[in-house]
Amino acid sequence: MIWINFLLALRGLLSYKFRVFLTTLGIIMAITAVMVMASIIEGAKRESLEIMATMGGPSNIIIYPKFPEEKDVIPLGLLYGDALSIRNRSPFIEGVSPTINNWVGVKYKDKQTQEVNGLGCWPEFLNIAEFEIKEGRFITWDDVEANHQVIVLGYITKQDLFGHTSPIGEKIEIEGRMYKVVGVLKKKIPKGWSSEGIKWLNRRYCVPITTFWQEKDIIHEIHVKVKHINLIEDAFLHIKSILLARHNGVDEFDIHTAKGALENIRQGIKIWILIMGAIVGISLLIGGIGIMNTMLATVSDRKKEIGIRRSVGAKEIDILFQFLMEAVIISVSAGLVGIGLGMGIIQLVGLVIVNVEGPVKTVIITPFIVGLAILVSSLVGILFGVYPAYKAARQNPIDALRYE
Amino acid sequence: MVIKASNITRIYKMGSISVKVLNHISLSVEKGKFISIMGPSGAGKSTFLHILGCLDRPTSGEYKLDGLDVVNMNDSQLSNYRNKKIGFIFQLFNLLPKEDIFYNVELPLFYAKKKKKERKERVEEVLSLVGLLHRITHKPNQLSGGECQRVAIARALVNCPALLLADEPTGNLDSHAGHQIMEIFTQLNEQGHTIILVTHNEEMAKYAKYSLYLRDGKIEK
């Protein structure tokens, strides 16, 4: 029954293609906007996940050095002692680790990896970054204090160098210095994340920070895990006061909280939803009215046709379904074009937005977004097609037949 | 008995004016008959035919088709009757101009919810019956008037209806094509179809076995 009505509707539509095309423009625009909006939201969600993955957890804080605003001050940078002070004095924290970052390849016998992230850190970093040990052990305080040349490999780096054999006890060369492998990290993929974006995290290796100095006592970051997410503000203020006191009151550090970063993204999404939501709403309305207008014009143009169909046995409901189906076909095909156009725009945007510091941020299309677009466009077709279809169905067959 | 209409009255209301188009008409037609209804224009011939064909309802009166009360049927039942029991043939053919001959003849089969294979078989069967199988992919405007009317007859026959109703079927045709159409009606009647023909052309009316005259909404003999 529905299939036959669909065939009748499709056939009916083909007889006035150009008008249909003009009608679809509003819906096309709306659905394009739906796609772009949904994928921006999706992209932002992934960005949040990425933040969680790199920062470790929602209650984490990372401190970076920055140039002080006062011009005549010589910056000290972030110091090893800063990390020690925070560790000894802050009551709000669960773990602290200063870190030194280095991007070089590592060597095992004749195998050389690409540039990977090497991290000098403390034992607590494992817990802060929410990594787990796959085999062996992590760095210990003993390693840090005695400058042991030991290394814990990231999962992918281990795979690259050793395949499936165990690396424990093997020697690895980093910039001419030999490290003994003592452990391997578990692969980490946050939920809902295609592993590509954080592959570099799974390549990262860790060594005791005291073996990794590029300049004595100068560290790159301090990672902090706060005891509870509700204590982040207190921890933030306390850390700030400790650091200010140690740096003679000079503000030469940025204190990032994961919570704050997530909050920023959430605010950004909110604004996008408002703007795009308005565009979507208005263009759906315009598109819907366009469909209604076209269908009403069609119904009066095709009065004779309706009469002929009725005379050979079409029921009111058959006519209703035919015209309703025509409206839905119009809006859904417009929706499909909108999906295509939206995807195109999203790809373009994805090419433009490149995060220079790390992985390329792509704007994401999921089956859910496509499904949503189809659903929205069919609903518009039904909503705005019902009245013209009802009008068509309720025509008196005799009047319709006599119409020329 | 195919048709039993009694005291059929049809009043059209146009604003405050009421026009009595049909005035207590009664008519019985037995199965297999070929009847012509004649009369001047405006006599109510078409209106009567529309009522007999379940396209319109009488204002009052009783109408039984195949023994079933048609007057009180709902839209779905009436449409079903038009689809399966009645074949209409109109003066202006009433084909869908943008569609090809195949689709035009196929149309009633859609509403009868026939499967694709059966639709194709039936369309080809009735088109060969009226000798137009070779025109199957043409559009109505590529056909002559006589051919169009034969397509319309094929469409009317496609669901094997018991009753054929023709409203001035030769009105737009030259005399040769007109006679050709009437020959087809004669054959169909011989095969057992009941036919009611409305015309004001006496020559065409002669093909029917029985004629009646309608004037001012009443039957005169």
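Q: Is B:H50 buried or exposed?

A: B:H50 is buried, because its relative accessible area is 6%. Buried means under 20% relative accessible area, exposed means over 50%, and partly exposed lies in between, with a 1.4 Å probe and protein chains only. Please note that this is a predicted model, in which local features need pLDDT of at least 70, side-chain atom pairs count only at pLDDT 80 or more, and totals for chains, interfaces and linings use all residues. Residues are numbered from 1 along each chain as its sequence is written, chains are lettered from A and ligands numbered from 1 in the order in which they are written, and side-chain values use heavy atoms, with hydrogens and water left out.

Q: Which residues does B:H50 touch?

A: Leaving aside residues up to four places away in sequence, B:H50 touches A:I398 and A:R402 in chain A, and B:L55, B:D56, B:F88 and B:D167 in chain B. Contact here means heavy atoms within 4.5 Å.

Q: Where does B:H50 lie?

A: B:H50 lies in helix α1 of chain B. Helices (H or I, at least four residues) and strands (E, at least two) are DSSP runs, numbered from the N terminus.

Q: How many residues of that helix are buried?

A: Seven of the eight residues of α1, which runs over residues 45–52 of chain B, are buried, and the helix is mostly covered. The buried residues are B:K45, B:T47, B:F48, B:L49, B:H50, B:I51 and B:L52.

Q: What follows α1(B)?

A: B:C54 follows α1(B), and its phi is positive, near 65 degrees.

Q: Which residues of α6(B) are buried?

A: In α6(B), the buried residues are B:A177, B:G178, B:I181, B:M182, B:I184, B:F185, B:L188 and B:N189. They cover an arc of only 150 degrees around the axis, which puts them on the same side of α6(B). The arc is that of the directions from the helix axis to the C-beta atoms.

Q: And which are exposed on the other side of α6(B)?

A: B:H176 and B:E190 are exposed there. For B:H176, the relative accessible area is 62%. The C-alpha atom of B:H176 is separated by 8.9 Å from that of B:G146, which is 30 residues apart from it along the chain.

Q: What is found at the two ends of α6(B)?

A: At the start of α6(B), a side-chain oxygen of B:D174 reaches to within 3.1 Å of the backbone nitrogen of B:H176. Just after α6(B), B:G192 takes a positive phi of about 115 degrees.

Q: One more residue of chain B: why does B:R122 count as buried?

A: B:R122 counts as buried because its relative accessibility is 14%. B:R122 is found in helix α4 of chain B, residues 116–129. Apart from residues up to four places away in sequence, B:R122 touches B:L109, B:L157, B:V158, B:N159 and B:C160.

Q: How many helices and strands are in chain B as a whole?

A: Chain B has seven helices and ten strands. A compact globule of 221 residues would have a radius of gyration near 17 Å, and chain B has 17 Å, which agrees. That radius is taken over C-alpha atoms, and the globule rule is 2.2 Å times the number of residues to the power 0.38. Of the 221 residues of chain B, 56% count as buried.

Q: What about the helices and strands of chain A?

A: Chain A comes to 13 helices and 14 strands. The radius of gyration of chain A is 32 Å, well over the 22 Å that the globule rule gives for 404 residues, so chain A is more spread out than a compact globule. The C-alpha atoms of chain A fill a box of roughly 100 × 50 × 35 Å, taken along the principal axes. Of the 404 residues of chain A, 51% count as buried.

Terms used. Polar contact = N/O pair within 3.5 Å; in protein donor to acceptor, adjacent residues only side chain to side chain.
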